[in-house]
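I opened my notebook today to look at charged side chains. Here is what I looked up, entry by entry.

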Amino acid sequence: MEDQSAFGVGSVDGYGKQGQQGQNLGEENPTDGSNTKDPFYTMPGVLHFLQTEWSKFEMERSQWEVERAELQARIAFLQGERKGQENLKHDLVRRIKMLEFALRQERAKFHRLKFGSEPPGGAAIAAATAGDATDGDGGASPAVSQLLDPEELLRETSAQTAATKAKAKDGRQLIRQYLQVCA
């Protein structure tokens with residue numbers, strides 16, 4: 001391809017660089033005998049280079065925007081998933097607290113029915129359930145447990161502790177089964 005533009009005469013590659021045609025770019029042009037140098041770039045070559053670089057830039061920008069949109073969608077999905085997990089956790093914690101409260105009340109109720117008095121540590125149970133009580137099932141005062149003989153209280157506590165540990169173990173297993181079914 002021959003370029004007959006105002007910049008010079010000679011072959012032009014795709015980016016406007018003129019071929020050397022047997023000469024170095026820094027040497028004089030032997031064809032016309034003047035001291036002018038052949039230009040390194042031509043106007044069509046520069047324009048072609050700018051157009052290709054602009055199209056590359058636009059393509060990279062559009063790819064970046066697509067990737068950005070995909071990552072934003074992934075972030076939104078993961079945030080929704082996290083929010084769902086937090087809601088599930090909150091619900092399960094609420095259920096566990098409700099079951100623990102009901103278990104404490106049933107144990108206290110069973111002890112009152114069986115022994116006619118508050119369970120040992122009844123003050124702690126009463127204090128723990130005082131804010132949570134909804135059924136108004138108050139029973140005897142915590143002072144009743146303090147009227148018992150200390151030896152008798154120790155025997156009752158030992159027997160109750162063994163029974164309570166077994167029931168607590170069964171209760172925990174039952175709660176695990178319920179949670180596994182719900183999950």
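**Entry 1: a partly exposed lysine.** I started with Lys-56, which has 39% relative accessibility and therefore counts as partly exposed. I kept in mind that I was looking at a predicted model.

Which side chain does Lys-56 meet in a salt bridge? I found Glu-53, with a distance of 3.5 Å from N to O. I looked up Glu-53 too: its relative accessibility is 32%, so Glu-53 counts as partly exposed. Both Lys-56 and Glu-53 sit in helix 1, and they are three residues apart, about one turn of the helix. I jotted down a reminder for myself: side chains of opposite charge can pair when their charged atoms come close.

Entry 2: Next I moved along to Asp-91. Is Asp-91 buried or exposed? I read 18% relative accessibility, and because buried means under 20%, Asp-91 counts as buried.

I then checked the partners of Asp-91. Arg-94 forms a salt bridge with Asp-91, and their closest N and O atoms are 2.3 Å apart. Arg-94 and Asp-91 are both in helix 1, three residues apart, again about one turn of the helix. The side chain of Arg-95 also meets Asp-91 in a salt bridge, at 3.3 Å from N to O. Arg-95 and Asp-91 are four residues apart in helix 1, so about one helical turn separates them. I noted that Arg-95 is partly exposed, with a relative accessible area of 34%. Shared partners link the salt bridges of Asp-91, Arg-94 and Arg-95 into one network.

How many salt bridges does the count come to? I wrote down six.

**Entry 3: a glutamate in a loop.** I looked at Glu-118, which lies in the loop between helix 1 and helix 2 (122-130). Its relative accessibility is 6%, so Glu-118 counts as buried. I found a polar contact of 3.5 Å between the side chains of Glu-118 and Arg-112.

**Entry 4: a positive patch.** Arg-107, Lys-114, Lys-167, Lys-169, Arg-172 and Arg-176 form a positive surface patch. Helix 1 (43-115) and helix 4 (150-182) are the elements that give two or more residues to this patch. Which helix gives the most? I noted helix 4, with four residues. Arg-107 is found in helix 1, and with 30% relative accessibility Arg-107 counts as partly exposed.

Technical notes. Residues are numbered from 1 along each chain as its sequence is written. This is a predicted model: local features need pLDDT of at least 70, side-chain atom pairs count only at pLDDT 80 or more; totals for chains, interfaces and linings use all residues. Side-chain values use heavy atoms; hydrogens and water are left out. Patches are made of residues with over 30% relative accessible area and no salt bridge: like charges are joined within 9 Å, nonpolar side chains (Val, Leu, Ile, Met, Phe, Trp, Tyr) within 5 Å. Accessible areas come from the Shrake-Rupley method with a 1.4 Å probe; for residues, only the protein chains shown count as cover. A salt bridge is a side-chain nitrogen of Lys or Arg within 4 Å of a carboxyl oxygen of Asp or Glu. Lys and Arg count as positive and Asp and Glu as negative; His and the chain ends are not counted. The place of a charge is taken as NZ of Lys, CZ of Arg, CG of Asp or CD of Glu. Buried means under 20% relative accessible area, exposed over 50%, partly exposed in between (1.4 Å probe, protein chains only). A polar contact is a pair of N or O atoms within 3.5 Å; within protein, one must be able to donate a hydrogen and the other to accept it, and residues adjacent in sequence count only if both atoms are side-chain atoms.
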